[in-house]
Number of protein chains: 2
Amino acid sequence: MNIGDVAALSGLPAKTIRYYEDIGLVKPLRSANGYRSFRESDAHKLAFLGRARALGFSIEDCRNLMALYEDDHRASAEVKDIAEHHLERIDEKIAELGEMRATLAHLVHACAGDHRPDCPILADLAKASKNAPQPETSTKQTSEQHPGQRPGQRRIGQRG
Amino acid sequence: MNIGDVAALSGLPAKTIRYYEDIGLVKPLRSANGYRSFRESDAHKLAFLGRARALGFSIEDCRNLMALYEDDHRASAEVKDIAEHHLERIDEKIAELGEMRATLAHLVHACAGDHRPDCPILADLAKASKNAPQPETSTKQTSEQHPGQRPGQRRIGQRG
DNA sequence: TATTGACCTTCCAGTGAGTGGAACCATTAG
DNA sequence: CTAATGGTTCCACTCACTGGAAGGTCAATA
């Protein structure tokens, strides 16, 4: 099959499949016209990859999982190990996001959200949490200031 | 103060602060020797940015929040709007990760994790979930196969 | 004074996992 | 013949930095 066919079967964009070939995850044959020619096994692999990626596994994890999948003498412990590590990382992320969510929800709740400028959200972001109430600015000036004439900044303010 | 001082005050790496100047988030002065010279207000901005980033706001959000923070005539509704949108995105992510977690935890629990090759995790990844039991491969061959002699792959298997 | 060492500068390249687009080739239908 | 569709390569871009090279500056010490 051509790339469009495996794309439809696996649900992966053709671009992604080309990328997966580029990084060595699949190795389709080539037809005489230069088109990629995918076997059943390639389509199977791509579906496998799609599902592993949907579970959040990294490409490196996918590579290892694929290798284990194709190894008849694997120990399921190796697979479980990868999955458990991934599970831990997911739990960490959920915890991190949960903390963000709690703080943010609290601030959002406290903000009137009207025409007035008073805003607990900005107040919280602006508050000095660590140190330096009057940090004393003990840093000695190396020489006198002059306005930033060569700040060397590009892409000022617009994204990409 | 020099970059090291604001780095210590804000908790941001000097590299990050240079990057923030590059994208126009801060505009420190320059000393005669070419060193960046940060005012109190710059240090304050950087601390603000550090906290906003820690809450997961994107750089673009930070840019907008900074602008609102510096606008005495802002409406708190604008700030709340940004925060609520971010909160929604966080909730979506938590939900997504939660689904992954559930599936993965189920699979991990079902896997013996021993020396034997039988593995429900791999079985699940490999199972055909969508369509194509025998997908019939109706795709006509454009020409006969020949092994992949010009697959054009680079960085095969190693991370770059 | 020379030299260290900490600090600063710029610029370039890389991260993960693709995505968008240009320029071009192949196949097929009308 | 032409157009549409689908394939090819290659390059640049994303996001928010991070690492490192090559070199300039400054304060302190031998």
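Q: How many disulfides over all chains, then?

A: Zero disulfides by this rule. B:Cys111 is in none either: its nearest cysteine sulfur, in B:Cys119, is 3.8 Å away.

Q: Is A:Cys111 buried or exposed?

A: A:Cys111 is buried, at 2% relative accessibility. Buried means under 20% relative accessible area, exposed over 50%, and partly exposed in between, with a 1.4 Å probe and protein chains only. B:Cys111 is buried too, with a relative accessible area of 2%.

Q: What are the ground rules for these values?

A: This is a predicted model, so local features need pLDDT of at least 70 and side-chain atom pairs count only at pLDDT 80 or more, while totals for chains, interfaces and linings use all residues. Residues are numbered from 1 along each chain as its sequence is written, chains are lettered from A and ligands numbered from 1 in the order written, and side-chain values use heavy atoms, without hydrogens and water.

Q: What is the mean pLDDT of chain A?

A: It is 83, and 79% of the residues of chain A reach 70 or more. pLDDT is the predictor's confidence in each residue, from 0 to 100.

Q: Where does pLDDT stay under 50 in chain A?

A: Over residues 130-160. The model has 45 contacts for that stretch beyond four places in sequence. Contact means heavy atoms within 4.5 Å.

Q: Which polar contacts go to phosphate oxygens?

A: An N or O atom in the side chain of B:Arg36 is 2.6 Å from a phosphate oxygen of DNA strand C. For B:Gly4, a polar backbone atom is 2.7 Å from one. For B:Ile3, a backbone N or O atom lies 3.5 Å from one. A polar contact is a pair of N or O atoms within 3.5 Å; within protein, one must be able to donate a hydrogen and the other to accept it, and residues adjacent in sequence count only if both atoms are side-chain atoms.

Q: Which element gives the most to the surface near DNA strand C?

A: Helix 2 of chain A, with four residues. Helices (H or I, at least four residues) and strands (E, at least two) are DSSP runs, numbered from the N terminus.

Q: Switching to chain B. Where is B:Met100, and what does B:Met100 touch?

A: B:Met100 is in helix 5, residues 76-110. B:Met100 is buried, with 11% relative accessible area. Neighbours within four places aside, B:Met100 contacts A:Ala54, A:Leu55, A:Gly56 and A:Ile90.

Q: And B:Asn33?

A: B:Asn33 sits in the loop between strand 1 (29-31) and strand 2 (36-37) of chain B. B:Asn33 is partly exposed, at 37%. A polar atom of its side chain lies 2.9 Å from the backbone nitrogen of B:Tyr35.

Key:
Disulfide = S-S within 2.5 Å.
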